[in-house]
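Me: Could you go through this one with me? I have the coordinates open and would like to ask things as they come up.

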Amino acid sequence: MLRISAIAFLLSFMALHTCYAQLFSYKKANVVNFSQSDYKAANQNWSIAVAPDGMVYFGNNNGLLAYDGIKWELSRIPEINLVRSVAMDNDSIIFVGGFEEFGFVVLSKGNLIRYESLSTDIPHDIIHNQEIWRIFLNKGKVYFQSFGIIFVWDGKNAISKILPPNNSSFVLLNKVADRLFIHEIGYGLHEISGDSLVFLEGSEIFAKDEVKNMVSFPGNKILIGTANHGFYIYDGHDFKPWNVNINTIVKGAEINHCIAIDSTHFMVGTIVEGIYVINANGDILQQISTNEFLQNNTVLGLQSDAQGNVWAALDRGIDYIRINDPLNFYLSPNTSSRSVYDAVIFNNKLWLATNQGVFLYENAGNQGVANYKLIPGSQGHVWMLKVIEGKLYCGHNNGTFLITENGAELISAVHGGFMIRPLKENENRYFIQSTYNSLVLYENQHGKLNMLHEIPGFREPVPLFEIDYLGNIWAAHMKHGLYKIRLNKDASMVEKAMYFDNSHGLANDKEISIVKVEGRIVICSGEKLYTYDDLTDSLVVFTKLNDALGDFSKSNKIISDGAGKYWCIHGNKIALFAMNQNHFEKMFSYDLERQGVFLTYSFPNISILSDSLHLVCLDNGFALYKPGIVPPNSKSHLSIRKIRAFDTDRTNMVWVNPLFTVTLQHKFSTLEFSFSPVQQMVNPLFRYRLRGSKENWSEWINAASATFERLPPGEFTFEVQMVGIDGTESDIESYSFRILPPWYNSVAARMLYFLFSLVLFLAMRIYFKKRIQQQANQIHLSEIERHIHEKMEAEQELILLRNLKLQDELTRQNIDLANFTLNASKTNVLLSELKEEIVKQKSELGNRYPKYYSERLLKLIEANETNEDAWNMFEMHFDKVNNHFFKRLKESYPDLTPSDMKLCAFLRLNLNTKEIAPLLNITIRGVEIRRYRLRKRLALHTEDNLIDFIMKF
């Protein structure tokens, strides 16, 4: 977890006036701690390499550890379990060394691609027990140094060896400019020339010591750090001890590493006492140890980065020492911290108004610490410090005091002294003060303020007030609202007090503050800036200033430095604007909350110590800022480190090289981008967008990755931008890529679809043409069939008519046959009755009725009853009408008798039994008997109807 852990380092303030430089020469380290729980590797770290792209690499007991400013990543190299030494060639090559092994790692945007061993072909008896402690690149060659051998790789294929000339041991290889030096134990220093060693005359003085470090020193000299005897200066001819204060201290601490911060300042890492910051005069400017928030006092490696800040590899952990912060923080390391409300420099000393009293900080020489003390009698909450006529006053919870180093003298018992200023501009006789309850008038008598009285007519707590050119006092209430106060001529009372709140146009009247901007009253509401319009005697929105300040138009407080610069405070964000030719220009901004520090909540303040030094009041300390000093390489830079593409269900993944534009298959349409600063930053914020899909920028977030799910086919450009804690925006970093359409929507597929469509079109054309012809033929055939059908219908209708006519004829004939049969039946009945009558008359008359006549009549009657000709004629007509009924019946039932045939004919004519009996000259009983016999001859079942059978036959 990144955390602010010390008081800020102030090398950037060394150009200040001498008194300020001395005053702030103590506790000057702003250290960021990274523990084992942060980077998830071993505690012990041996070496550091900073890449041009901002990646930082560490030789760790578990492998090669990398940090991109946001995320840590450990790469384990099977050939080197413990990475002892690292060195960078460029962004893509990092050389590593360990026990009996050395080589290089090929990188791509910080990602380990592969490891290439350079020691594979070295005979085992040569590299046996050799451990690579330092690696340097010089003049196209790479030097891998162990205590027994220096291996030299020519950058191609050949590896040569440099052995100790006296069969002794080496200490540590050092590089100064483009020169390489090595200490041989028991003899002295050698300079490497090609693949040979050249002994430096006079270096015999190091025979019984160990030269750990050599760095460039002003005057074309070299500063040499030894383990046991401190520092020496080498001028190219002679080696002389550096007789300065630092030598006495570091002899017992054992120098282990030393680097130049700049041409005149050095950082010395020791085994026992942590880190010392020294100048070219040997003065200790700062000691950074476990007492001042370093994690461990054993420093194994130091390396500066592009911003001039320093990484420290420790026996336990990794620390980042921020030298060139735009703000330099003086924070309390414990919970009993003091909230600072105001500050002044008085008598070349720093005085702080805190919630615990007035504290005095003074210079303690070159020992790197400062003495501070609480002014007796000032205990309690102090709101304000003010130097007037060479005397220091403080506004206190218990009143107003005159402050000296020896104590506090009460000059006003009115509680809660806030602001105090001259009643009239450019006059120092009368002063007015705001307090918890009233306004207080003072008179300057012989260089000392003397309280005259509380001004009656106004009883409100007003921490802030300003006086306009008409003499009106504009006072901001502690809780809400605003007052315009008018005093009488001798300031003995308040003539008028006009109150303003949200009913008068203020967007917010709860947290009001006041400032004069170029002589004009400006009211801060936390939402908009307002000013007073004396023509209308009302508050109006100050549009021009709102537009000029941008987001800081929502400031809840603005503080003037009196020289055309203005601090704007918005929550825990601060910004310094300069008035330049009636135009506001932002000089500096900072988000304190992202730094992990906070302004005092109820009374945020920035104290103007001088034109060249401002102090930011914090709730657990303070920070210093020097206007006009811009940290080196302040422009933020951003890098897209990793790009991964996933398929839809994230089961498959491919790495995308951020250096080259790529075309992805459609199934890899989910992309994840990881990005980070090129240099170490504190809590940077990022925003991004995807041109071609999401054109609008995202909100500023602290997440250093972005994922886009299931992108459609097309061309896209991912853009990402970063903003630092100081409000500096980086250039936009972009990456373009393309996602292919799915195979079924590819160019080849579309061509295939086109060819298929063309073939289908031609086939359909042929088909429809054929179909149309078929339809035409079908229509023609239909017409023919229709004509035929109509003709057939006509013929059928004609046939039907004929059939109907025939049916009518048959019906008529059947009717005739029936009538004939009925007539015959009646005739037979009549003849039978005549016959019976003749027989009766003969019986009654006897001889009176001549027998001749009676017999003649009977014969005539019998002749007519048995007339076969009539039956034959009936049979002929009946058979003709009924489709050869007798013939078919005879063929089907040959056993039928003529009587059966006659009965069948009479039944077909639908005659009943009574009508049939006379036609057959039998009784009704006889007809029934014949019907029974006929059923048997026709083989009918009991349930079969005889008449139905005959009618259907």
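Reply: What follows is a set of questions and answers on helices, strands, the core and some backbone angles.

Me: Before we start, what kind of model is it, and which residues and atoms count?

Reply: This is a predicted model, in which local features need pLDDT of at least 70 and side-chain atom pairs count only at pLDDT 80 or more, while totals for chains, interfaces and linings use all residues. Residues are numbered from 1 along each chain as its sequence is written, and side-chain values use heavy atoms, with hydrogens and water left out.

Me: OK, helices. At what angle do H11 and H12 pack?

Reply: Helix H11 (residues 898-908) and helix H12 (residues 913-920) pack at about 140°, and their axes are 11 Å apart. Helices (H or I, at least four residues) and strands (E, at least two) are DSSP runs, numbered from the N terminus. Axes are lines fitted to C-alpha atoms, for helices over the stretch in contact, and angles run from 0 to 180 degrees between N-to-C directions.

Me: Which residues make that contact?

Reply: On the H11 side they are Lys902, Leu903, Phe906 and Leu907, and on the H12 side Ile916, Leu919 and Leu920, where contact means heavy atoms within 4.5 Å. By class there are 6 nonpolar, no polar and 1 charged residues; Ala, Val, Leu, Ile, Met, Phe, Trp, Tyr, Cys and Pro count as nonpolar, Asp, Glu, Lys and Arg as charged, and the others, Gly among them, as polar.

Me: And how many residues of H11 are buried?

Reply: In H11, 8 of its 11 residues are buried, with buried meaning under 20% relative accessible area, exposed over 50% and partly exposed in between (1.4 Å probe, protein chains only). Among the buried residues of H11 are Asp900 and Arg908, as well as Leu903, Phe906 and Leu907. H12 is also mostly covered, with 6 of its 8 residues buried, including Thr913, Ile916 and Pro918.

Me: Why does Thr913 count as buried?

Reply: Thr913 counts as buried because its relative accessibility is 17%. Not counting residues up to four places away in sequence, Thr913 touches Ile924, Val927, Glu928 and Arg931.

Me: Which loop holds Arg650, and what is its phi?

Reply: Arg650 lies in the loop between strand E57 (638-646) and strand E58 (653-656), and it has a positive phi of about 60° although it is not a glycine. Arg650 counts as partly exposed because its relative accessibility is 37%. Ala939 likewise has a positive phi, near 60°, and is found in the loop between helix H13 (924-937) and helix H14 (946-952). With a relative accessible area of 58%, Ala939 is exposed.

Me: Switching to strands, what is the order in the open sheet of 4 strands?

Reply: The order is E1-E28-E27-E26, with antiparallel pairing, and two strands pair if DSSP finds at least two bridges between them. Strand E1 (30-34) and strand E26 (299-304) are the edge strands, each pairing on one side only. Neighbouring strands of this sheet are turned by 20° against each other on average, direction ignored. Inside the sheet, 4 bridges join E27 (residues 310-314) to E28 (residues 318-322), and Trp311 has Tyr320 in E28 as its bridge partner.

Me: Last one: which residues touch the most other members of the largest nonpolar core?

Reply: Of the 45 residues in that core, they are Ile432, Ile485 and Leu487; a nonpolar core is a set of buried Ala, Val, Leu, Ile, Met, Phe, Trp, Tyr and Cys residues joined through side-chain atoms within 4.5 Å. Leaving aside neighbours within four places in sequence, Leu487 is in contact with Leu423, Ile432, Ile455, Ile473, Met493, Val494 and Glu495.
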